Amino acid sequence: MDDKRKRTRLIVSFSLIVFILCATFRGCSSAITQSRNKKKAQSSNPNRFGSSAVFQVWGNVYPDGYYYVTLNVGNPAKPYHLDIDTGSDLTWLQCDAPCVHCFKAPHPPYKPKNNVVFCKDPLCASIYSSKSQPCKKPTDQCDYGVEYADQGSSLGVLVKDAFPLRFTNGSLFGPPLVFGCGYDQQISSSHPFTDGVLGLGNGKISIVSQLRDMGLTRNVFGHCLSSQGGGFLFFGDDLVPSQRIVWMPMSPNSLE
């Protein structure tokens, strides 16, 4: 793929981060991010949100050196292990489109089914600056390229498919979400044994932002990581404690 299609994803700074005190979750450390327009969303449509989705986290700091969650994708749904990355926006899976360079993973690659996202989709434009937009026509497929600080990378095409989620209000829903179908991966020696990456940055393409724009959850995610390994991850603010939290302002600027 042309170098212009590659986009360097280093650390994405969030607007705000909440640190939950250890007294809230015994034996865990937590972090939550929220957008600055939370109050605006509450006042404009207070009944639009009101639930969260919770996922079990696997992994540890040592010896694995990474954490991952299992998300189901497609209909019928199939499980995929995704490396949790708070420093990038795009979620992607290894994809049989077909694979050019694919690494060993826990599950077979995702197979797209005529569900490619086109360049006219606003989410396609959101992953490029105006100068790096590779599309020649609105009806072209939306290609992506992402590079990481460890020199790993993924090239592919954006697709859209159902992500079945069970929410804390008891509902089960499979919203159609946009993610990367990665068919050409370059990995580092420390690459985690997963099927792809779960990008939790605050860009429009992130899963959390897409759920927010659909009115399903607020633009919040949090995690509780046990000192013994594992933990849980949640989207939405149902589990955010009303007390004993400290708000820390962060730079809104991204590092390109």
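1. Q151 is exposed, with a relative accessible area of 67%; exposed means over 50%, buried under 20% and partly exposed in between, with a 1.4 Å probe and protein chains only. Q151 sits in the loop that runs between β8 (143-147) and β9 (153-162). Its phi is positive, about 75 degrees, although Q151 is not a glycine. Helices (H or I, at least four residues) and strands (E, at least two) are DSSP runs, numbered from the N terminus.

2. The model is predicted: local features need pLDDT of at least 70, side-chain atom pairs count only at pLDDT 80 or more, and totals for chains, interfaces and linings use all residues. Residues are numbered from 1 along each chain as its sequence is written, and side-chain values use heavy atoms, with hydrogens and water left out.

3. N114 also has a positive phi, near 55 degrees, in a residue other than glycine. N114 belongs to the loop between β7 (92-94) and α2 (122-126), and it counts as exposed at 85% relative accessibility. Most residues other than glycine have a negative phi, and most peptide bonds are trans.

4. One joins Y62 and P63, with omega about 10 degrees; P63 lies in the loop between β4 and β5. Another joins N75 and P76, with omega about 5 degrees; P76 lies in the loop between β5 and β6.

5. The loop between β4 (53-60) and β5 also holds G65. G65 counts as exposed because its relative accessibility is 55%. The C-alpha atoms of G65 and S190 are separated by 8.5 Å, although the two residues are 125 residues apart along the chain.

6. In the protein chain there are 3 helices and 16 strands. Of its 256 residues, 48% are buried. Among contacts (heavy atoms within 4.5 Å) with a separation of 6 or more, 66% are between residues 24 or more positions apart. The chain exposes about 13200 Å², of which carbon and sulfur atoms supply 53%; accessible areas come from the Shrake-Rupley method with a 1.4 Å probe, and for residues only the protein chains shown count as cover.

7. Strand β14 is largely enclosed by the rest of the structure, because 6 of its 7 residues are buried. It pairs with strand β15 (residues 231-235) in the antiparallel sense over 5 bridges; two strands pair if DSSP finds at least two bridges between them. H223 stands opposite L233 in β15. The two strands form a hairpin with 4 residues between them, and G229 in the turn has a positive phi of about 100 degrees.

8. The largest pocket contains about 570 Å³ of space. Its lining has 25 residues, of which Y66, D83, I84, D85 and P192 are the closest to its centre. Two or more lining residues come from each of β5 (66-73), β6 (78-85), β12 (176-186) and β14 (220-226). On a 1 Å grid over the protein atoms alone, a pocket is an open set of points where a 1.4 Å probe fits, with protein on both sides within 12 Å along at least five of seven lines; lining residues have an atom within 4 Å of a point. Grid points are joined across faces, edges and corners, and a volume is the space filled by probe spheres set on the points.
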